[in-house]
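Here is a short walk through one structure, written for someone meeting it for the first time.

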Amino acid sequence: MKDLLHKDTKFLAVIKANAYGHGLLQIAKLLEPYVDFFGVHSAQEAYTLLKSGIDCQILILGPVFSHQLPILNPARVHLTCSTLHLIEALHNNGFSFPLHLKVETGTYRQGFVLEDLEKALKKIKEYGLPLVGLSTHFANIEDTLDHSYAKEQLRKYKEIKNLVEKKIGKLQFYHTACSAAVLLFPETHFSLVRSGISIYGYWPSRETKLSWQYKFGEDGPQLKPVLSWKTLLSEIKWVKKGEYIGYGCTYKTTRKTKLGVLPIGYYDGYDRKLSNKGIVLIKGQRAPVLGRVCMNLLMVDLTDIEDVSVGDVVYLIGEEGEEKVTADTLADLAQTINYEILSRISISVPRIVI
Ligand SMILES: *Cc1c(COP(=O)(O)O)cnc(C)c1O
């Protein structure tokens with residue numbers, strides 16, 4: 001990812017949502033030598049990083065409330081600011097965190113509209129708060145091959161950037177790019193990029209991958225997922241033809257079936273929408289989920305797989321032999337996106353760095 005950047009562009013690794021399910025501290029420790037910033041969502045996540053001894057600048061991307069300010073260290077933590085409320089809270093409590101103003105360009109999530117931005121700049125000047133960055137976020141850069149909406153957002157951002165520079169002067173950090181923008185549009189990089197999903201080896205979307213291949217050819221650089229999610233086969237039993245499997249009797253065996261039971265369920269983040277749809281790997285072969293995913297258990301069809309025993313490793317996400325099941329596979333089956341599949345792997349599942 002860093003090879004795609006101009007040498008002066010800084011890299012922020014987005015490790016919110018437990019590093020997209022990969023483990024906040026495990027990933028932070030691995031990435032620390034290579035990145036300039038960590039991006040987290042909340043004050044709690046920033047606090048966890050601060051306490052861990054990991055030594056890197058942190059930008060909080062989400063909202064921060066005034067009661068959370070005292071737990072944060074202004075020498076290490078930058079704040080995203082998109083409300084006049086936060087500016088007043090910082091001033092009233094005497095806090096001086098480096099601020100990144102987030103501006104509205106068409107996503108309508110966080111971001112100052114122009115009128116409030118002018119008020120914010122005035123207050124920041126008046127209160128002498130340290131303004132270091134200006135950011136925005138794209139609404140429609142992953143889900144389409146038509147990037148005209150993103151280009152219009154970029155145009156608006158540049159206009160606002162000029163305005164801010166006229167009023168305040170040049171800032172240190174200008175940033176707009178998420179993974180898709182980092183991969184596809186160098187003109188969005190400015191002095192800092194914020195990359196999440198792609199640092200874990202996943203494409204932001206099929207469209208981003210297609211656009212990338214169109215640009216660099218099928219032999220261009222590829223992304224490779226870094227996470228496997230494993231469990232152990234906990235029970236095997238034969239079920240005769242015509243029996244129902246699991247809650248709601250949603251699956252009826254069509255043959256004598258060798259059933260496997262796995263100690264994993266929706267509590268652990270295995271989506272219940274994968275009932276009768278999910279695929280797991282065992283002995284390098286695909287085994288379909290039978291019946292509903294339970295809270296802590298699920299059942300799979302092992303009839304066509306030989307030599308399986310209790311205690312065998314089962315991949316919920318991973319690669320074994322010729323077969324693989326990725327977060328994209330599960331996302332397609334559960335009608336969601338790889339981001340959700342990954343980030344919902346429960347915090348209770350141990351993360352082991354290999
Ligand atoms: C989550 C997030 C990102 C990262 O997006 P990816 O598509 O995962 O690269 C970047 N910027 C902001 C503001 C975010 O909230």
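Let's start with Tyr-20, which counts as buried at 7% relative accessibility. Here buried means under 20% relative accessible area, exposed means over 50%, and partly exposed is what falls in between, using a 1.4 Å probe and the protein chains only. Before going further, note that this is a predicted model, where local features need pLDDT of at least 70, side-chain atom pairs count only at pLDDT 80 or more, and totals for chains, interfaces and linings use all residues. Residues are numbered from 1 along each chain as its sequence is written, and side-chain values use heavy atoms, leaving out hydrogens and water.

Tyr-20 is part of helix 1. Helices here are DSSP runs of H or I with at least four residues, strands are runs of E with at least two, and both are numbered from the N terminus. Tyr-20 has a positive phi of about 50° even though it is not a glycine. Asn-18 sits in helix 1 (residues 16-20) too, and its phi is also positive, near 55°. For background, most residues other than glycine have a negative phi. Asn-18 is buried as well, with a relative accessible area of 17%.

Now for the ligand. Which residues are closest to it? They are Lys-16, Tyr-20, Ser-179, Arg-194 and Tyr-339, out of 14 residues that surround the ligand; a residue counts as near when one of its heavy atoms lies within 4 Å.

| Side chain | Ligand atom | Distance |
|---|---|---|
| Lys-16 | oxygen | 2.6 Å |
| Tyr-20 | oxygen | 2.6 Å |
| Arg-194 | nitrogen | 2.8 Å |

Taken alone, the ligand exposes 380 Å², and the protein buries 93% of that. Those areas come from the Shrake-Rupley method with a 1.4 Å probe; for residues, only the protein chains shown count as cover.

The side chain of His-175 makes another polar contact with that of His-100, at 2.8 Å. His-175 lies in strand 7 (residues 173-175). Is His-175 buried or exposed? It counts as buried, at 1% relative accessibility. Leaving aside residues up to four places away in sequence, the residues His-175 touches include Leu-59, Leu-134, Tyr-157 and Leu-192, where contact means heavy atoms within 4.5 Å.

Next, have a look at helix 5 (residues 114-127). Its 14 residues reach 20 Å from first C-alpha to last, close to the 20 Å expected at 1.5 Å a residue; that expected span is 1.5 Å times one less than the number of residues. Leu-117, Ala-120, Leu-121, Ile-124 and Tyr-127 are buried in helix 5. They cover an arc of only 140° around the axis, so they are on the same side of helix 5; the arc is that of the directions from the helix axis to the C-beta atoms. What covers them includes helix 4 (84-93) and helix 6 (148-168). The face turned away from the buried side carries the exposed residues Glu-115, Lys-122, Lys-125 and Glu-126. After helix 5 comes Gly-128, with a positive phi near 70°.

Conventions
A polar contact is a pair of N or O atoms within 3.5 Å; within protein, one must be able to donate a hydrogen and the other to accept it, and residues adjacent in sequence count only if both atoms are side-chain atoms.
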